Amino acid sequence: MADEDRRKFLKVATCAIGGGVGLVVAAPVLTLIADPAGKVTVTTPTAPLDLGLADRFQAGAPPRRVDVVAPVVKDAWTAARNVVLGAAWVRRTAPDKIVALSAVCPHLGCAVGWDAAAGNFLCPCHDSRFGVAGERLTGPSERGLDELPLQVVDGRLQLTWVRYKPGQTVREPA
Amino acid sequence: MKAQVRSFLRDRGLLGETAPATIAGGASFAYAFGTVVTFLVVLEAVTGVALAAFYAPSSTDAWASVAYVQDQVSLGWLLRGLHYHGASAIVIVTSLHLVQTALYGAYKKPRELVWWLGILLMLLTLAWAVTGFVLRWDQAGFWANKVEVGIAAATPLLGQLIKKLALGGNDYGNLTLTRFYALHVMVLPVVVGGVIAGHVALARKLGATPLGERPAGPRWPEQTLRNAIAVAVVFAILLAYVIHVHGADLAQPADPSLAYDARPLWYFRWLFLLRELAGSAEKLVAMATPAVVIGALVALPLADRGPAREPRRRLPYLGGLAGLLALIGGLTIVSVASDAGNDELAKRDAKAEQRAQLARKLARDNGVPVTGAADVFWTSPMARARALFATRCKSCHDAESKERKGPIIAPGHADRAWIAGMIKDPDGDAYWGRTKLAKTEAAMKPFDQMKSPDIDDIVEVIYAESGASDVDPAKRERGLAVFENACSDCHAREDGMPGSSAPGLAGFASRAYYLSFIGNPKSALHMGRDKSQMPRFDKELTLDERDALAEYLVWLRTATPADLAALDPY
């Protein structure tokens with residue numbers, strides 16, 4: 001019987017030591033793998049981005065496509081400069097008002113173009129059309145084009161880049 | 001219940017005797033080495049998978065991704081350390097395993113194949129370490145690999161082909177990393193795993209080789225417990241060491257243009273020293289020595305064929321092996337010790353370590369440029385401008401310079417106090433006093449008689465030209481009238497206008513102004529053709545370089561000497 005007890009103790013000790021070593025190895029491995037889940041690993045600037053001089057945009061002119069460029073995008077270990085985040089269609093709607101519409105189609109996220117002949121916006125992917133003010137005309141898109149926050153500071157356009165969730169009627173930041 | 005589960009599994013072929021129930025000669029710590037090595041290999045695999053989830057095998061990103069794991073991911077340093085020093089532990093424990101096997105005569109018939117597979121495993125382990133060391137793409141890994149590939153390239157006939165296959169082309173680059181990465185994380189794990197499986201299966205089938213006559217004992221749990229204890233002890237030592245040295249070192253990013261005191265991984269140090277001692281025969285020695293050592297180990301079971309396993313009856317063979325190991329150990333110690341006694345090397349190493357720490361700090365703070373990790377130094381604030389200033393501007397413009405020929409450029413340059421000082425005494429030593437223009441007819445006369453409010457108002461007029469955001473509009477308004485009276489005979493303030501006999505002040509001390517001035521100080525807009533000794537830089541420096549200097553000069557206006565000193569080095 002004493003030998004039985006001894007064998008049992010040895011078995012328990014073996015499993016305890018093996019399990020202990022396994023845990024000490026597993027804990028940091030899982031910590032490492034899970035680390036990015038709790039972090040902002042790719043930064044997109046939340047501050048307004050400069051789109052150049054405001055007086056380039058004339059009242060009555062058709063919308064102009066302007067690249068939205070972030071000065072710096074940090075992506076885990078790299079910092080890339082002058083990264084194109086997307087594009088906006090900018091138009092002066094009144095002498096003192098300029099509007100920027102995101103070129104991201106609210107349907108499924110394709111890049112919306114300006115159809116000069118028809119005088120409205122056209123998404124090349126699923127033929128959604130939007131009026132010059134961004135309102136929904138035809139096609140599968142659930143809502144009109146998304147307006148982006150825009151300010152004029154010292155004569156320069158300052159645009160805040162926002163990505164909205166596609167494929168829904170409600171406008172909601174992604 | 002337990003019995004039911006067991007029989008359920010056994011019936012489905014999942015449970016059976018994988019190992020003999022008994023072990024010849026009874027349980028012993030001497031048999032634990034194989035298990036410890038296997039554990040360490042599994043540890044390498046597990047930590048390796050975790051690290052691979054963060055690694056980018058590209059010449060621009062590799063160093064940055066390793067630095068990211070080391071410095072910015074929770075416990076990343078610990079896993080890097082376990083992975084890196086775990087490889088050293090494998091080398092040490094494998095060597096002990098080899099010594100134990102030799103001592104017990106376990107290489108003898110019918111176990112020759114187990115012995116040879118073991119030697120193959122040692123070599124594969126070393127190849128595993130070599131392919132891993134280059135992946136960090138820092139100075140240490142890069143230069144060590146250059147030497148290793150250089151040795152391989154000396155192989156007769158096939159050398160150049162081996163080199164091109166290893167590097168993935170004619171030179172170090174992206175393909176070098178993708179290749180070594182594929183070898184390190186895909187090919188070698190599969191090969192090593194397969195050989196270990198064969199080695200272990202054969203060893204188990206043939207059984208242990210105890211010394212002397214002792215009864216067999218149960219494997220489970222007697223031997224298993226000893227194995228577990230050995231694993232726990234080795235792991236505890238490894239863990240303690242890794243925590244003590246905080247992971248693994250990381251030198252500055254690989255830079256083919258920057259000399260580095262390349263040292264191989266410590267287990268190749270004996271070969272490194274042998275090469276050095278061999279002089280002109282270094283390539284031959286580097287190739288032949290490992291071949292001789294491997295050959296001797298492979299030949300051991302063929303030479304020592306007698307049935308006797310007692311060590312004292314195999315003294316010549318054991319003596320030979322001991323001599324070989326002692327030689328390798330001795331050479332390793334001499335190589336490390338001679339480095340430790342080299343003060344010049346210590347100085348260079350200290351400097352390299354300083355650069356490594358700076359690179360890692362900059363990578364942490366600013367991210368690494370997509371142009372490559374070596375450019376991380378240029379993310380230091382205004383690094384390019386400060387480097388240019390040091391080589392192109394300092395001798396004529398720095399307060400400390402003995403050959404100074406122009407105004408001092410220092411923190412506070414072109415701020416209100418500087419402008420006021422300039423107006424009061426343009427020929428002062430800190431201003432134009434050391435130029436050839438000073439004290440000539442063409443030089444500006446001092447306005448030291450001008451009263452305080454007037455001078456402050458003019459200062460505001462000139463200061464406003466820089467585009468500074470803290471201009472006092474009322475002061476400037478008053479100053480404009482005074483400027484018209486006192487200054488506009490010589491200076492112009494209108495955009496693009498040269499003064500009648502002195503520099504135009506439009507945009508003075510703004511970035512655009514500096515860019516233009518640095519490009520051509522002799523322009524009519526600035527000093528004029530005959531009034532400046534400063535060379536034009538529009539041909540010598542690129543537009544980007546001049547703009548970087550202009551940005552720096554604008555920054556200096558609001559900076560203090562403490563701000564300047566606080567900038568990271570570059």
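A residue is counted as buried if 20 or more other C-beta atoms lie within 10 Å of its own, as exposed if 12 or fewer do, and as partly exposed in between, with C-beta atoms placed from the backbone. Helices (H or I, at least four residues) and strands (E, at least two) are DSSP runs, numbered from the N terminus. The structure is a predicted model, in which local features need pLDDT of at least 70 and side-chain atom pairs count only at pLDDT 80 or more, while totals for chains, interfaces and linings use all residues. Residues are numbered from 1 along each chain as its sequence is written, and chains are lettered from A and ligands numbered from 1 in the order in which they are written.

Both chains were divided into domains, with bounds that come from an automatic or database domain assignment. In chain A, domain 1 covers residues 2–38 and domain 2 covers residues 49–159; their centres, taken over C-alpha atoms, are separated by 57 Å. In chain B, domain 1 spans 19–359 and domain 2 spans 383–566, with 63 Å between the two centres, again taken over C-alpha atoms.

Contacts between the chains were considered next, two residues being in contact if their C-beta atoms, placed from the backbone, lie within 7 Å. By this criterion, 31 residues of chain B touch 21 residues of chain A. On the side of chain B, at least two residues each are supplied by α2, α3, α4, α9, α13 and β3. Helix α9(B) provides the largest share, nine residues. This side of chain B comprises 22 nonpolar, seven polar and two charged residues, where Ala, Val, Leu, Ile, Met, Phe, Trp, Tyr, Cys and Pro count as nonpolar, Asp, Glu, Lys and Arg as charged, and the others, Gly among them, as polar.

Two packed helices are described by the angle between their axes and the distance between the axes. Axes are lines fitted to C-alpha atoms, for helices over the stretch in contact, and angles run from 0 to 180 degrees between N-to-C directions. Helix α1 (residues 2–34) of chain A and helix α9 (residues 219–244) of chain B have axes that come within 9 Å and cross at roughly 30 degrees. The two helices are therefore roughly parallel, given that angles under 35 degrees count as roughly parallel, over 145 as roughly antiparallel, 65 to 115 as roughly perpendicular and the rest as oblique. Residues in this contact include A:L10, A:I17 and A:V21 of α1(A) and B:L225, B:I229 and B:F235 of α9(B). The contact contains eleven nonpolar, three polar and three charged residues.

Within chain B, the axes of helix α10 (residues 269–278) and helix α12 (residues 315–340) come within 8 Å and cross at roughly 75 degrees; α10(B) and α12(B) are therefore roughly perpendicular to each other. Here B:R269, B:W270, B:F272, B:L273 and B:L274 of α10(B) meet B:I328, B:L331, B:T332, B:V334, B:S335 and B:V336 of α12(B). Eight of these residues are nonpolar, two are polar and one is charged.

Helix α3 (residues 62–72) of chain B is mostly covered, nine of its eleven residues being buried. Among the buried residues are B:W63, B:V66 and B:Y68. The cover includes β3 (78–94) of chain A as well as elements of chain B, including α2 (33–52) and α4 (76–103).
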